[in-house]
Amino acid sequence: MLRLLFRFVVGLHPLAFRRRFAPEMLSIFDHATGKLAAITFVADAFISLLRQWALRPRFWSEPSPAEQPQMASAGARSFYISENYRPSGVALLQGAALSLAAFITITLAFIHTRGSKVQPWLPKIEAEKSESPLSEQKVFRSTSPLEFYEGKYAANTLNPATADVTVEKNQLFLSYPGSAKIALSPCSGSTFKNGGSSSCQISFSKFDQGKFQQLDIDQGSHHFTAFRLHE
Amino acid sequence: MRDKQTAPLSPALFHILIALAGHDLHGYAIMQEVSRLTEGEYTLGPGTLYDNLQKAIRRGWVVDLGHRAGDDDPRRRYYRLTSLGTSVLSAEVSRLENMVRDAKVRLRIPKPRRA
């Protein structure tokens, strides 16, 4: 009975201590003669148990490798034996029960959420109200009266190429000799575009005497500059 | 040689180091040797013994020699005092000697002066 109690108390010691000294402690207990000696040993083991857990936290683990050379340098041992640690049966049983519980929990969670869609939370972004939706092209208005653009423009005195800018029903038109009239849509300021085109390639500049004096037509690689003809 | 952690030694550790100063011993033999040296006035239990042995081993004062072939009990492991342990023990003995000397001086009864 006392041996069982002694063994139990020794078994409660920190692992490192138990692995190293438990067999020897039991060996010494087996040498105890008389009940009084056995009781003293049990009491001593109990005090040692308290001391180990309360005062020796640094000794709970095995000696670090840094401590080994010091031990080896004493001349008695040049290597350190590390026995393979095997968990106790109770620890294995507890581990198995815990693993099973975790497995069941995860399985149930999967089954429970199988039919439902996972909807990740996304921040709600409210688009700013567009002033000009794509369906509604913004209508640019020319800042100058259309009469300011009206007139005949020629490249120069030597170049006979001319361009006529006319206003009909509050709409600006550009025409070349021998070509159809092109309706001009205002882009911004004094810049216009061909009615079917998306780029603003026609611009008027050099405002003087109540009229624009210069016309620039940019068609990719071709650039045409003309100046107002004064009649 | 000795730091703040080692001085002074506890009675148990001091007696264990003294027991190991002569021979390599196993745990039970250390207990018997301590009991013999103190004429039975100081006895170590296995818990106290191995608690202090663990401390001594960690500090490099004692080494574990392991099992010895042909021993009566295969569970027994033998322990040896290292040179560091010997130095620590020597320092402790010197400290105690100084204390004893000082104590003797203080306890000396002054001789009465002749009139």
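What percentage of the 115 residues of chain B count as buried? The share is 35%, a residue being buried if 20 or more other C-beta atoms lie within 10 Å of its own, exposed if 12 or fewer, and partly exposed in between, with C-beta atoms placed from the backbone. The structure is a predicted model, so local features need pLDDT of at least 70 and side-chain atom pairs count only at pLDDT 80 or more, while totals for chains, interfaces and linings use all residues. Residues are numbered from 1 along each chain as its sequence is written, and chains are lettered from A and ligands numbered from 1 in the order in which they are written.

Among contacts in chain B with a separation of 6 or more, 52% come from residues 24 or more positions apart; two residues are in contact if their C-beta atoms, placed from the backbone, lie within 7 Å.

Within this chain, the axes of helix α1 (residues 11-22) of chain B and helix α4 (residues 83-107) of chain B come within 10 Å and cross at roughly 120 degrees. Axes here are lines fitted to C-alpha atoms, for helices over the stretch in contact, and angles run from 0 to 180 degrees between N-to-C directions. That angle makes α1(B) oblique to α4(B), since angles under 35 degrees count as roughly parallel, over 145 as roughly antiparallel, 65 to 115 as roughly perpendicular and the rest as oblique. On the α1(B) side, Phe14(B), Leu17(B), Ile18(B) and Ala21(B) meet Gly85(B), Thr86(B), Leu89(B) and Glu92(B) of α4(B). By class, the residues of this contact divide into 5 nonpolar, 2 polar and 1 charged (Ala, Val, Leu, Ile, Met, Phe, Trp, Tyr, Cys and Pro count as nonpolar, Asp, Glu, Lys and Arg as charged, and the others, Gly among them, as polar).

Leu65(B) sits in strand β2 (residues 62-66) of chain B and is partly exposed, with 16 other C-beta atoms within 10 Å. Its C-alpha atom is separated by 8.5 Å from that of Asp24(B), 41 residues apart along the chain. Arg36(B), in helix α2 (residues 27-37) of chain B, is exposed, with 10 other C-beta atoms within 10 Å.

Turning to chain A, helix α1 (residues 2-11) has Phe6(A), Val9(A) and Val10(A) as its buried residues. Seen down the axis of α1(A), these fall within an arc of 100 degrees, so they line one face of the helix; the arc is that of the directions from the helix axis to the C-beta atoms. The buried residues of α1(A) pack against α2 and α3 of chain A, whereas the face turned away from the buried side carries the exposed residues Leu4(A), Phe8(A) and Gly11(A).

Finally, the two chains meet: 25 residues of chain A are in contact with 21 residues of chain B. On the chain A side, α2 (15-31), α3 (35-55) and α4 (68-72) each supply at least two residues, and α2(A) gives the most, with 9 residues. That side of chain A has 14 nonpolar, 6 polar and 5 charged residues.

Notes
Helix = DSSP H or I, 4+ residues; strand = E, 2+ residues; numbered from the N terminus.
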